[in-house]
Amino acid sequence: MLYNSTRDKNVKLTASEAILKGLSDDGGLFVPESFPHIKSSMKQLSTLSYNDLAYEIMSLFLDDFTEAELRECIENAYGDNFDVPEIAPMSYADGSYYLELYHGPTIAFKDLALQILPHLMTASAKKNGVTKDIVILTATSGDTGKAAMAGFADVPHTKIMVFYPHGGVSDVQRLQMVTQKGGNVSVVSVDGNFDDCQTGVKQIFNDPSFKEEIEAKGFQFSSANSINIGRLVPQIVYYVYAYCNLIANEKISDGDPVNICVPTGNFGNILAAYIAKKIGVPINKLICASNMNNVLTDFFNTGTYDRNRDFHLTMSPSMDILISSNLERLIYFISGCDDRATAKFMDDLVSKGSYTITDSMKDGLSDFVAGCASESDTASEIKRIYDDTGYLIDTHTAVASFVANRFKTDSALSDQPRIISSTASPYKFARSIVGAIKGSAENDKSDLEMIDELEKLCDMPEPQAIKEIRHADIRHDGHIAINEMKNAVAEFLILLP
Ligand SMILES: *Cc1c(COP(=O)(O)O)cnc(C)c1O
């Protein structure tokens, strides 16, 4: 299987080359040239462990890895660094299945991809005779940065630098990042929002003379952001696993349609669910859930993507995004793999901040429905589910839960089982969760005190990730302006005198 760029079909790379490169030189994202199809039945797959299933699914996409190489990556990624043997368990509450993707080391779903990406990258480097050290630059809205650093810390021949919006992440997210250990990691806050950080990283990647400069010093850039196919492919696995879990527990029969609702920011997680559908998982609708930054809700409902709108900081900060990078892949697929059309839409997004897809492309959106939740919708959803069932969900999951419940009466979805992608542990956003349940903000209390409050509300034990930040030293206190990002990278790589 080869990978094309969404902006140039003449680009054809193997999976390992695409993983190393991250982003195509033309600015496009790598996409498989066709969708493979799962060979076994879902019923057969439902007897497999998470790791065996991961091999079945990932080998369809990463076909230039040997079985031994891929299995080794999987074994390194999913083991007792997760606090449950199932890796991605499901809980039933309030009529929905919550797919808990937060049992990894940083208690958010990005661990599922970022625990394996460094292993895929070092295996890819070996395969392709790469002798330069890999430099990962990552813009983060909170969770990616920590999850990426946790994955890459002290992995030989790699360095990682993370940029996050100053004041745009929760205290716990910030503490998790600034206490990160490892001789090859650096993290700084930027005076700007997530999109500014992401744009800055893209500009560094697309700066040919800087690229030459770092290559001369023995480095090469790659990306750990959700645009890397080495992150996308592992995310497909847990949607197949979720479906198989329902079969194994006799909740559905093989072939029964289910709906999947995903709290969406950069469009990586939901795109993985879309690909799961394309390779044969019986998924009816993908429900795209947004917070007040509802640029995707409008896109799915009108066919116009328009980022010209106010940016809101919400209690689901990992979804505070106005440019959803991975949407470019969907645009490419629904255009019938038209690289020129995709490139034009993306140019319009840069120059005008908006684009409108064609009527025939709109037909391709029929796999999706979309909705959004306000801040008060999100808070009341957390409280309602807690009051009714005792089950606690985080703010991002609550956005998805609220939106999924709005489609309960929609005739195209109503009777079918709902799987809600539960993307973070409530412990990660304790202030908002306790605030939602108690109805008061308690602004005089610290985040760690709020975690103590949360612990009193539930029987979920405090995760290891929280225990670790209680006493850890602050190792990274850098704070820069947007236009200093390139300089910061140069300093980190010791390119400057
Ligand atoms: C990153 C993140 C999201 C959004 O996922 P995308 O793949 O960017 O759409 C949702 N919830 C949490 C907790 C996250 O960390």
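1. Axes here are lines fitted to C-alpha atoms, for helices over the stretch in contact, with angles running from 0 to 180 degrees between N-to-C directions. Helices (H or I, at least four residues) and strands (E, at least two) are DSSP runs, numbered from the N terminus. The model is a predicted one, in which local features need pLDDT of at least 70 and side-chain atom pairs count only at pLDDT 80 or more, while totals for chains, interfaces and linings use all residues. Residues are numbered from 1 along each chain as its sequence is written, and side-chain values use heavy atoms, with hydrogens and water left out.

2. On the packing of H3 with H4: the two axes come within 10 Å and cross at roughly 130°. The helices are therefore oblique to each other; angles under 35 degrees count as roughly parallel, over 145 as roughly antiparallel, 65 to 115 as roughly perpendicular and the rest as oblique. Contact, meaning heavy atoms within 4.5 Å, joins Asn 51, Asp 52, Ala 54, Tyr 55, Met 58 and Ser 59 of H3 to Glu 67, Leu 70, Arg 71, Ile 74 and Glu 75 of H4. By class, these residues are 5 nonpolar, 2 polar and 4 charged (Ala, Val, Leu, Ile, Met, Phe, Trp, Tyr, Cys and Pro count as nonpolar, Asp, Glu, Lys and Arg as charged, and the others, Gly among them, as polar).

3. H4 (residues 67–77) also packs with H6 (residues 117–127), the axes coming within 9 Å and crossing at roughly 150°. H4 and H6 are therefore roughly antiparallel, and the crossing is again right-handed. Glu 69, Leu 70, Cys 73 and Asn 76 of H4 meet His 119, Leu 120, Ala 123 and Lys 127 of H6. This contact has 4 nonpolar, 2 polar and 2 charged residues. Leu 70 takes part in the contact with H3 and in that with H6.

4. The whole structure holds 20 aromatic pairs (rings of Phe, Tyr and Trp, the last by its six-membered ring, with centres within 6.5 Å; planes under 30 degrees apart are stacked, over 60 edge-to-face and the rest tilted). The ring centres of Phe 35 and Phe 333 lie 4.9 Å apart with planes at 55°, so this pair is tilted. Phe 35 is in the loop between strand S3 (30–32) and helix H2 (42–45) and Phe 333 is in helix H14 (residues 327–334), so the pair ties together parts 298 residues apart in sequence. Phe 35 is partly exposed at 28% relative accessible area, whereas Phe 333 is buried at 11% (buried is under 20%, exposed over 50% and partly exposed in between, with a 1.4 Å probe and protein chains only). Both rings belong to a cluster linked by ring pairs, including Phe 267, Tyr 305 and Phe 368.

5. Two non-glycine residues with positive phi deserve mention. Asp 94, with phi near 55°, sits in the loop between strand S4 (90–93) and strand S5 (96–100) and is buried at 19% relative accessible area. Asp 154, with phi near 60°, lies in the loop between helix H7 (143–152) and strand S7 (158–165) and is exposed at 54% relative accessibility. Most residues other than glycine have a negative phi.

Key:
Left-handed = near helix turned anticlockwise from the far one by under 90°.
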